[in-house]
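Subject: Structure handover

Hello,

Please find the structure below, followed by notes on what was found in it. Keep it open while you read.

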Amino acid sequence: MAGQAVLYEAVNVSKSYGSVEALIDVNVQLHAGEVLGLVGDNGAGKSTLVKVLSGVHPPDSGKLFLEGRERRWSSPHDALAEGIETLYQDTGLAPHLTIGANVFLGRELLRPGLLGRLGFMAQREMERAALHELAQVGVEVKGSRKTVSDLSGGQRQAVAIGRAVAWARKVLLLDEPTNHLGARQALEVLNVIRAARDRGLGVIFISHTLPHVLQICDRIVVLRLGRVVRDASTSEFDAESLLGTITGLLEKSP
Ligand SMILES: Nc1ncnc2c1ncn2[C@@H]1O[C@H](COP(=O)(O)OP(=O)(O)O)[C@@H](O)[C@H]1O
Ligand SMILES: [Mg+2]
């Protein structure tokens, strides 16, 4: 993305869990209006990078810059308040709450204006607002007064994705959002991601479904054993070379 300012950046980031080096000297740049694919085998460090970017784990070393300003998150709430929204790999919706309650869960402190409105908002209005927020980002769920436990796995995932997309103001981090989805639902999620990008968000998309990655991403970063081994425009990959880069098995084969 020549000429476009970097939105969010990790510079020389390392993070270990005890003796496990999950990230080693990682550099990643995310631009506004871009979907960046983050791929790698299990254990490559993808989820750890998401957790560093979302403020769950401070990096052991290295720096984060949001819009050019160095940031040190002391909790995920710090990053959320700055417009960085995350769908974690093992995400938690609250099953016993309605869809509306899930969409607005934990937001009260983050948006004083909305709190003012919500403070007086009837339950029914909140449910309607939640459906509206989800529909705005292309996620259609019928009957928000249902609790999440009434939904199928695919619908739950749709609510989780819709919630993240609806609240994101700058950055959207999606860790395997299409897992557990059927083919058609997965394609719908890809459309939601495209729409988020077109709204100007910077999106990081993690998936093992390489055709989806090739379809939707503008650029791809490949992690292997905690290190970035490739960072290139999607046009420089095809399915075979991408798989080869992920596994390290195709290098310089005749
Ligand atoms: N909470 C944790 N405690 C200890 N080791 C962890 C923890 N989370 C991840 N790891 C290890 O860090 C490495 C990277 O894991 P992860 O970031 O989950 O990779 P990926 O998402 O690419 O599969 C793996 O070796 C994994 O076992
Ligand atoms: Mg992971």
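Does glutamate 67 count as buried, partly exposed or exposed, judged by its relative accessibility? Glutamate 67 counts as partly exposed, because its relative accessibility is 49%; buried means under 20% relative accessible area, exposed over 50%, and partly exposed in between, with a 1.4 Å probe and protein chains only.

Some ground rules come before the rest. This is a predicted model, in which local features need pLDDT of at least 70 and side-chain atom pairs count only at pLDDT 80 or more, while totals for chains, interfaces and linings use all residues. Residues are numbered from 1 along each chain as its sequence is written, chains are lettered from A and ligands numbered from 1 in the order in which they are written, and side-chain values use heavy atoms, with hydrogens and water left out.

Two backbone angles

Glutamate 67 sits in the loop between β4 (61-66) and β5 (69-71). Helices (H or I, at least four residues) and strands (E, at least two) are DSSP runs, numbered from the N terminus. The phi of glutamate 67 is positive, near 50°, and the residue is not a glycine. Glutamate 176, also not a glycine, has a positive phi of about 55°. Its place is the loop between β7 (171-175) and α7 (183-198). Glutamate 176 is buried, at a relative accessible area of 6%.

The magnesium ion

Which residues coordinate the magnesium ion (ligand 2)? They are Ser47, through OG, and Gln89, through OE1, at 2.1 to 2.2 Å. Donors are N, O and S atoms within 2.8 Å of the metal (3.2 Å for Na, K and Ca), and sites may look incomplete because water is not among the atoms. Serine 47 belongs to helix α1 (residues 46-53) and glutamine 89 to the loop between β6 (84-87) and α3 (99-104), so the pair ties together parts that are 42 residues apart in sequence. Serine 47 is buried, with 18% relative accessible area, whereas glutamine 89 is partly exposed at 35%.

Ligand 1

The shell around ligand 1 consists of Tyr17, Val20, Ala22, Asp41, Asn42, Gly43, Ala44, Gly45, Lys46, Ser47 and Thr48; a residue is near a molecule if one of its heavy atoms lies within 4 Å of it. Four of the shell residues are nonpolar, five polar and two charged. Here Ala, Val, Leu, Ile, Met, Phe, Trp, Tyr, Cys and Pro count as nonpolar, Asp, Glu, Lys and Arg as charged, and the others, Gly among them, as polar. β2 (20-31) and α1 each supply at least two residues of this shell, and α1 gives the largest share, three residues.

Helix α6

Helix α6 (residues 153-167) has 15 residues, which should span 21 Å at 1.5 Å a residue, and the 22 Å between its end C-alpha atoms agrees with that. The expected span is 1.5 Å times one less than the number of residues. Twelve of the 15 residues of α6 are buried, among them Gly154, Arg163 and Trp167.

Serine 14

Serine 14 lies in strand β1 (residues 6-17) and is buried at 18% relative accessibility. Its C-alpha atom is 9.6 Å from that of proline 58, which is 44 residues away along the chain.

Regards
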